[in-house]
Amino acid sequence: MHLEIQIEELRAELRNAVDAGERRQITAELEMLRAELAVIAADQDNTIESVPPL
């Protein structure tokens, strides 16, 4: 839930960002949080293998 709130806050910041550098930074942070949320969701669904492929 905490990650979802952070994502929504960053999305709001992105809508209001006027500087290109700030937009890139916010976009990068959003991508990282979305990836982290996807990993957590996949882990809860047991769709992540615990052993990396060879």
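1. Basis of the note. The model is predicted: local features need pLDDT of at least 70, side-chain atom pairs count only at pLDDT 80 or more, and totals for chains, interfaces and linings use all residues. Residues are numbered from 1 along each chain as its sequence is written, and side-chain values use heavy atoms, with hydrogens and water left out.

2. Overall content. The protein has two helices and zero strands; helices (H or I, at least four residues) and strands (E, at least two) are DSSP runs, numbered from the N terminus. Of the 54 residues, 17% are buried, where buried means under 20% relative accessible area, exposed over 50%, and partly exposed in between (1.4 Å probe, protein chains only). The accessible surface of the protein is about 4600 Å², with 55% belonging to carbon and sulfur atoms; areas come from the Shrake-Rupley method with a 1.4 Å probe, and for residues only the protein chains shown count as cover.

3. Geometry of α2. The expected span of a helix is 1.5 Å times one less than its number of residues. For the 25 residues of α2 this gives 36 Å, and the end C-alpha atoms are 36 Å apart, which agrees.

4. Packing between the helices. In α2, the buried residues are I26, L30, L33 and A42, and the buried residues of this helix pack against α1. Leaving aside residues up to four places away in sequence, L10 is in contact (heavy atoms within 4.5 Å) with I26, E29, L30 and L33.

5. R11 forms a salt bridge with E8, the closest N and O atoms being 3.2 Å apart. Both residues lie in helix α1, three residues apart, about one turn of the helix. R11 is partly exposed at 35% relative accessibility, and E8 is partly exposed at 43%.

6. Position of E4. E4 lies in helix α1 (residues 2-16) and is partly exposed, with a relative accessible area of 41%. E4 and L37 are 33 residues apart in sequence and 7.9 Å apart in space, C-alpha to C-alpha.

Terms used
Salt bridge = Lys/Arg side-chain N within 4 Å of Asp/Glu carboxyl O.
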